[in-house]
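Take a look at the model below.

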Amino acid sequence: MSKLELRAASGLAGLYALRMLGMFLILPVFAVYAGKMPGGENHALVGLAFGAYGLTQALLQLPFGMWSDRVGRKKVIYIGLALFALGSIMCALADHIIWLILGRAVQGAGAISAAVTALLADLTREENRTKAMAMVGASIATTFAVSLVAAPKLAQWIGLPGIFLLTAALAVSALIGVWKVIPNPAISRFHSDAEANTSRLPLVLRHPQLLRLNYGVFALHAAQMAMFTVMPLLLKDIGGIDVAHHWYVYLPVVLVGFVLMVPAIIYGEKKRHLKEVFVFAIALMLLAQLGMTLWLPSLTAIVLWLGVYFIAFNILEATQPSLISKIAPTAAKGTAMGVYNTCQSASMFMGSALAGWLYQHYNSATPVFALCTALMAIWLLVAWGMQPPLPVKSQMFHIGEDWSGNAAELSAKLGAIRGVKEAVVLIEERVALLKVLQDGWDEAAAQQLIAETN
């Protein structure tokens with residue numbers, strides 16, 4: 001990567017990290033602290049407040065990305081970060097659960113994920129884009145782990161309003177970083193590998209394998225939000241641990257989950273058993289949710305099931321984007337990821353809202369975990385019939401700006417190269433998108449054809 005690309009990738013990864021830190025920090029403490037404010041005795045309203053962020057995020061994520069194509073990436077990012085900061089301040093000042101719900105909705109309205117991804121695509125060459133996206137992904141995973149450990153102690157020091165003020169400060173810092181650190185793109189254009197295209201939505205929404213994955217991410221994150229709606233209460237009531245020390249539980253289970261995820265992913269990718277690893281992780285998640293439904297008599301049981309949960313969660317969180325990349329039609333990868341991310345955001349609202357209602361109605365966490373168990377059981381059935389993905393990876397090549405040849409003819413020539421499973425030349429984007437075998441494809445032949453366009 002060039003210095004400019006490294007600066008852009010590291011800067012945008014940092015932007016993601018700052019923004020996601022603001023979102024993740026409330027996960028392990030929200031239910032306890034929100035329950036203490038006026039109106040918080042109604043767990044259904046606490047669930048709505050917890051999930052309101054996901055609702056507005058789901059509604060605005062794709063429109064904001066498309067808006068950035070017209071008005072500019074940075075303008076949309078500035079607006080999104082300003083909304084996130086405003087919503088955080090509203091949450092910090094909220095004196096009733098209803099105001100907290102409104103503040104969380106405003107936070108979610110700062111839906112900049114698609115615009116940030118598009119800006120990253122503008123600032124990186126095709127051959128380096130995957131590395132840049134991986135840097136962003138790593139920053140999100142790290143931020144999630146850090147938040148689970150840091151949030152309980154932070155909440156003890158500054159309370160939930162203090163955490164929201166901290167998230168507002170992080171959003172302002174991120175805004176300044178975009179202004180001062182992130183370079184302006186020389187050329188801003190649409191990128192099919194990174195952005196959603198409305199004309200390709202029917203193709204993605206009718207694709208049976210992608211629909212399985214969309215349900216999967218919905219189930220995974222609905223269960224995550226449902227669990228965090230009640231787990232802090234269980235750690236306090238059953239485990240006898242005050243909120244400030246909940247990290248004693250989260251730290252070891254998260255570390256175990258990360259450590260055991262790595263060999264599972266390597267085995268799935270290298271040995272070409274990605275579907276088997278994926279289905280095994282869903283079954284493991286089902287076991288964790290069933291265990292939480294049927295047997296939570298003590299802190300030991302909570303730690304046991306949380307350990308199983310995080311092993312499964314980390315594997316599933318890592319494998320699903322890889323499966324999207326392998327399965328999605330080459331020219332619709334960005335659209336497929338956009339729909340996938342929207343399903344994830346919508347699930348955050350549905351999971352926490354339903355969990356809050358169930359806990360309020362039954363005064364027990366058992367129905368919440370029963371709901372999660374049902375989601376996982378359906379997912380296991382859905383994933384069982386999934387076609388094993390081909391052992392492929394994506395490759396991108398830049399087409400010369402002055403080249404005026406026949407795009408269909410070049411696509412056919414690239415598609416005929418040994419090891420190329422799919423090839424499409426998008427002349428308006430000046431790019432050739434290929435899906436190739438992970439091993440044994442003739443890269444030199446593809447590079448020779450591409451060189452003729454430059």
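Is glycine 415 buried, partly exposed or exposed? With 33% relative accessibility, glycine 415 counts as partly exposed. Here buried means under 20% relative accessible area, exposed means over 50%, and partly exposed lies in between, with a 1.4 Å probe and protein chains only. This is a predicted model: local features need pLDDT of at least 70, side-chain atom pairs count only at pLDDT 80 or more, and totals for chains, interfaces and linings use all residues. Residues are numbered from 1 along each chain as its sequence is written, and side-chain values use heavy atoms, with hydrogens and water left out.

Glycine 415 sits in helix 15 (residues 407-415). Helices are DSSP runs (H or I, at least four residues), numbered from the N terminus. Leaving aside residues up to four places away in sequence, glycine 415 touches Val420 and Ala423; contact means heavy atoms within 4.5 Å. Valine 436 is 21 residues from glycine 415 in sequence, and their C-alpha atoms are 9.3 Å apart.

Now take helix 12 (residues 299-327). Its 29 residues should span 42 Å at 1.5 Å a residue, and the end C-alpha atoms are 41 Å apart, which agrees. The expected span is 1.5 Å times one less than the number of residues.

Next, the rings. Rings of Phe, Tyr and Trp (its six-membered ring) pair if their centres lie within 6.5 Å; planes under 30 degrees apart count as stacked, over 60 as edge-to-face and the rest as tilted. The count comes to 11 aromatic pairs. One of them joins phenylalanine 64 and tryptophan 67, edge-to-face, at 5.7 Å centre to centre and 65° between the planes. Both residues lie in helix 3 (residues 43-71), three residues apart, about one turn of the helix. Phenylalanine 64 is buried at 10% relative accessibility, while tryptophan 67 is partly exposed at 29%.

Phenylalanine 278 and tryptophan 379 have ring centres 5.9 Å apart and planes at 75°, so this pair is edge-to-face. Phenylalanine 278 belongs to helix 11 (residues 274-294) and tryptophan 379 to helix 14 (residues 366-384), so the pair ties together parts 101 residues apart in sequence. Both are buried. Elsewhere, Phe24, Phe144, Tyr309, Phe310 and Phe313 form one aromatic cluster.

Methods: Helices (H or I, at least four residues) and strands (E, at least two) are DSSP runs, numbered from the N terminus.
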